[in-house]
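Let's take a friendly walk through this model together. Please have the viewer open and follow along as the residues come up.

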Amino acid sequence: MTGGLLLSGAIAALFATALPAHDPSSAIVDPPPDKIVINVATVNGSGCPAGTAAVAVSPDNTAFTVTYSDYLAQVGGNSDPTAFRKNCQLNLVVAVPGGFTYAIASADYRGFASLKAGATSTEKASYYFQGSSNTASITHPFRGPLVDNWQATDTTEWAQLVWAPCGVQRNFNINTEIRVNAGTSAPSSTSFMTMDSTDGELSTIYHLAWKECPAA
């Protein structure tokens with residue numbers, strides 16, 4: 001899957017007041033006047049087979065979204081033994097104006113869960129740049145009995161943000177997974193979790209933060 005996405009410089013304004021206090025030398029700057037361009041290099045994984053995930057810019061140009069239509073993990077009953085875990089990895093090529101760098105400041109995930117008593121599930125996301133060992137991972141647990149829509153938000157402290165390297169092009173990777181564990185629930189009962197909404201589609205939203213690169 002490929003596509004060029006335009007995100008306006010207004011993205012950074014979302015975090016000027018939302019992020020915690022930080023070193024003034026790394027203060028968020030005014031958004032760059034030029035737009036950034038995101039090209040989706042690859043989208044693959046058991047949770048996003050070909051044709052079931054799409055990436056697009058949000059209507060207000062403040063974030064990019066990923067929409068899934070077949071992202072489901074389940075256990076119990078007649079479930080496939082490998083269906084308890086599903087994942088999806090996005091590999092993004094991001095072009096930013098010269099002199100600036102960016103980081104994923106927060107991400108919103110939503111879906112639906114039907115967990116029997118004794119069953120558990122998790123949603124996990126990892127963020128890292130190609131060639132870098134610096135990975136940010138956040139996990140959200142859920143426990144049955146639960147039959148409801150779910151929502152999870154990853155918010156990263158300023159000091160822990162994983163920033164794009166200045167002066168070089170590195171693809172940005174987002175790897176998500178959902179996992180369901182039968183636990184003490186009856187083996188004949190089915191528990192499942194989706195990263196989508198009840199109508200079959202969900203837009204996962206990623207928000208960006210900006211700062212200026214050090215002078216050469």
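This is a predicted model: local features need pLDDT of at least 70, side-chain atom pairs count only at pLDDT 80 or more; totals for chains, interfaces and linings use all residues.

Residues are numbered from 1 along each chain as its sequence is written, and side-chain values use heavy atoms, with hydrogens and water left out.

Let's begin with Y206, which sits in strand β13, residues 202–212 (strands are DSSP runs of E with at least two residues, numbered from the N terminus). Y206 has 0% relative accessibility and therefore counts as buried; that word means under 20% relative accessible area, with a 1.4 Å probe and protein chains only. Which residue does the side chain of Y206 contact? Its polar partner is the side chain of Y109, at 3.2 Å. A polar contact is a pair of N or O atoms within 3.5 Å; within protein, one must be able to donate a hydrogen and the other to accept it, and residues adjacent in sequence count only if both atoms are side-chain atoms. T65 is 141 residues from Y206 along the chain, yet their C-alpha atoms are separated by 6.3 Å.

Now for the rings. The structure holds eight aromatic pairs, meaning rings of Phe, Tyr and Trp (its six-membered ring) with centres within 6.5 Å; planes over 60 degrees apart make a pair edge-to-face. One of them joins F100 and W210: the centres are 6.0 Å apart and the planes are at 85 degrees, so this pair is edge-to-face. Because F100 lies in strand β7 (residues 100–115) and W210 in strand β13, the pair ties together parts 110 residues apart in sequence. Both F100 and W210 are buried.

Y102 and F129 also pair edge-to-face, because their ring centres are 5.8 Å apart and their planes at 70 degrees. This pair links distant parts of the chain, with Y102 in strand β7 and F129 in strand β8 (residues 120–129), 27 residues apart. Y102 is buried at 4% relative accessible area, and F129 is buried at 2%. Ring pairs join Y102, F129 and F172 into a cluster.

Note on methods:
Helices (H or I, at least four residues) and strands (E, at least two) are DSSP runs, numbered from the N terminus. Buried means under 20% relative accessible area, exposed over 50%, partly exposed in between (1.4 Å probe, protein chains only). Rings of Phe, Tyr and Trp (its six-membered ring) pair if their centres lie within 6.5 Å; planes under 30 degrees apart count as stacked, over 60 as edge-to-face and the rest as tilted.
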